Amino acid sequence: MEFVSTRGGGTPVSFTEALARGLAPDGGLYVPRHLPLLSSAILVEDAMPYAALAWDFLSLFDTDHDSEHLVDIIDRSYGDFSDTMNAPLQQLADNLFVLELFHGPSLSFKDFGLQLIGNLFEEQIERTGIPINVLGATSGDTGSAAIHGLAGKKGVNVFILYPEGRISELQERQMTCTGAENIFPIPIKGTFDDGQAIVKELMSDLEFKDKMRLSAINSINVVRVLAQCVYYIHAYTQLPPDNRDDVNFVVPTGNFGNIFAGWMVHQMGLPVDQFIVATNQNDILYRLFNSGEYHPDVVHPSHAPSMDIQVASNFERFLYYHNEKNAKSTLALMEQFKKDGSITIPNFNASNFSATRSTDEDILANIRRVKEDYDYVVDPHTACGFQNLDPDRTHVVLATAHPAKFPEIIKKAIGEAPTDPSLDALKRTKMVTYPVEASAAAVRKFIEENCI
Ligand SMILES: *Cc1c(COP(=O)(O)O)cnc(C)c1O
């Protein structure tokens with residue numbers, strides 16, 4: 001399969017090249033040249049083992065590695081999840097389900113993309129003999145998942161910017177307590193968007209990117225999006241047959257990567273009624289889906305910090321498909337956005353999507369209500385998914401993180417805090433951070449001094 005830029009520049013690239021480059025050279029994002037149809041067998045069968053399904057799906061896109069090699073990479077990526085289903089579907093009521101995506105090593109859904117990327121990068125370094133430097137910005141969970149995917153691997157150094165004081169203590173510990181010498185967690189004074197802007201700036205300086213052999217792990221990397229497609233199919237095949245006709249996936253959303261993956265599989269034939277974009281009080285996407293206007297606001301720190309985002313990178317992929325894959329008009333809109341700071345999408349039509357927004361009070365109330373009604377504890381991000389659900393329709397709420405990552409907020413809501421042994425151990429380990437000024441110039445200098 002070839003991959004093309006949403007902005008139409010450059011020549012199409014292979015899977016391994018799209019993986020290595022992250023951002024396309026024209027500043028656009030890679031998308032598959034076409035979306036193949038899913039085989040109907042995948043959809044009627046009972047849930048397959050996760051790794052087998054992942055191979056069926058990913059081999060449609062990764063036509064570079066031979067089967068055996070890809071099987072091995074996938075097995076290593078998904079073999080040590082704490083639940084043998086990897087993404088088990090829990091039924092809370094007749095037509096209400098939770099897809100648990102927090103059984104990976106860093107306890108968030110981001111492990112699904114970043115475990116795979118970690119192993120693919122390792123394979124790339126072995127194959128080419130060229131070491132790489134990974135650069136990313138995180139609102140908490142991407143960083144810990146990337147670090148768990150790459151800590152201690154040979155030939156790679158990892159630089160992760162995160163907004164100091166705006167992520168949970170355990171998220172910070174997951175990044176800073178690895179003891180691995182190839183990991184550089186960089187706290188910056190600013191927001192996630194500031195970090196993401198620095199990463200984007202450095203990544204679009206092609207000379208620097210080439211010289212440092214930079215690779216991206218943010219959800220601008222198309223391989224992450226593809227990896228996340230798999231669990232939508234896995235969820236669907238775990239549903240009782242009666243619930244398969246009118247499925248609504250509810251996705252706690254920040255950067256729009258996770259929900260976009262679901263929408264892509266829907267384009268490939270997965271029957272879905274609607275995708276519900278669940279935002280916190282940072283509600284740019286809620287406003288977008290209600291008005292067609294994409295207008296960033298300032299970020300207000302919330303109880304769901306991994307969604308404290310205004311500029312959603314994957315929005316560009318959405319625009320591209322909304323423009324019926326017209327890269328020229330996508331480029332024009334993105335240029336207008338850069339110039340004016342906001343855009344109104346012409347002929348806006350997103351009937352597959354609807355959106356909700358949760359304030360911090362809603363988050364606490366939803367955690368409490370889910371516990372009371374179903375004796376189930378959700379984390380503050382997942383709690384946004386329980387906002388204003390229509391009880392007459394089938395909902396699958398994606399549980400994006402383990403509640404034990406956010407003990408203070410859960411305690412505030414229900415008076416008790418869930419725990420997890422892997423997190424308890426972190427509290428006894430020393431934190432190592434590399435504070436750098438929040439500017440592209442300062443981060444550039446730091447990378448030059450610490451690159452591999
Ligand atoms: C990253 C994250 C989100 C947002 O996902 P996007 O793909 O950025 O929309 C939601 N919940 C949790 C727990 C996360 O870590």
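These legends describe close-up views of a predicted model. Local features need pLDDT of at least 70, side-chain atom pairs count only at pLDDT 80 or more, and totals for chains, interfaces and linings use all residues. Residues are numbered from 1 along each chain as its sequence is written, and side-chain values use heavy atoms, with hydrogens and water left out.

View 1. Helix α5 covers residues 110–128. Helices (H or I, at least four residues) and strands (E, at least two) are DSSP runs, numbered from the N terminus. The expected span of a helix is 1.5 Å times one less than its number of residues. Buried means under 20% relative accessible area, exposed over 50%, and partly exposed in between (1.4 Å probe, protein chains only).

**View 2. Two loop residues with positive phi.** Arg213 is not a glycine, yet its phi is positive, near 50°. Arg213 sits in the loop between α9 (206–212) and β8 (214–216). Its relative accessible area is 26%, which makes Arg213 partly exposed. Asp375 also is not a glycine and has a positive phi of about 50°. Asp375 belongs to the loop between α15 (360–374) and α16 (380–384). With a relative accessible area of 57%, Asp375 is exposed.

**View 3. A tilted aromatic pair.** The structure holds 35 aromatic pairs. Rings of Phe, Tyr and Trp (its six-membered ring) pair if their centres lie within 6.5 Å; planes under 30 degrees apart count as stacked, over 60 as edge-to-face and the rest as tilted. One of the pairs joins Phe184 and Tyr434, with ring centres 5.0 Å apart and planes at 50°, so this pair is tilted. The pair links distant parts of the chain, 250 residues apart. Phe184 is in strand β7 (residues 183–188), and Tyr434 is in the loop between α18 (421–426) and α19 (440–450). Phe184 is buried, at 7% relative accessible area. Tyr434 is partly exposed, at 26%.

**View 4. Arginines over rings.** A charge sits over a ring if NZ of Lys or CZ of Arg is within 6 Å of the ring centre and within 35 degrees of the ring normal. The charged end of Arg244 is 5.4 Å from the ring centre of Tyr236 and sits over that ring. Arg444 lies over the face of Phe208, 4.8 Å from the ring centre.

View 5. On a 1 Å grid over the protein atoms alone, a cavity is a set of points where a 1.4 Å probe fits but cannot get out; lining residues have an atom within 4 Å of a point. Grid points are joined across faces, edges and corners, and a volume is the space filled by probe spheres set on the points. There are three cavities of 30 Å³ or more. The largest cavity holds about 260 Å³ of space. Its lining has 24 residues, and Phe109, Lys110, Gly254, Asn255 and Ser306 lie nearest its centre. Helix α11 gives the largest share of this lining, three residues.

**View 6. The second largest cavity.** About 50 Å³ of space lies in the second largest cavity. Its lining includes Ser139, Arg166, Phe192 and Asp308.

How values were computed. On a 1 Å grid over the protein atoms alone, a cavity is a set of points where a 1.4 Å probe fits but cannot get out, and a pocket is an open set with protein on both sides within 12 Å along at least five of seven lines; lining residues have an atom within 4 Å of a point.
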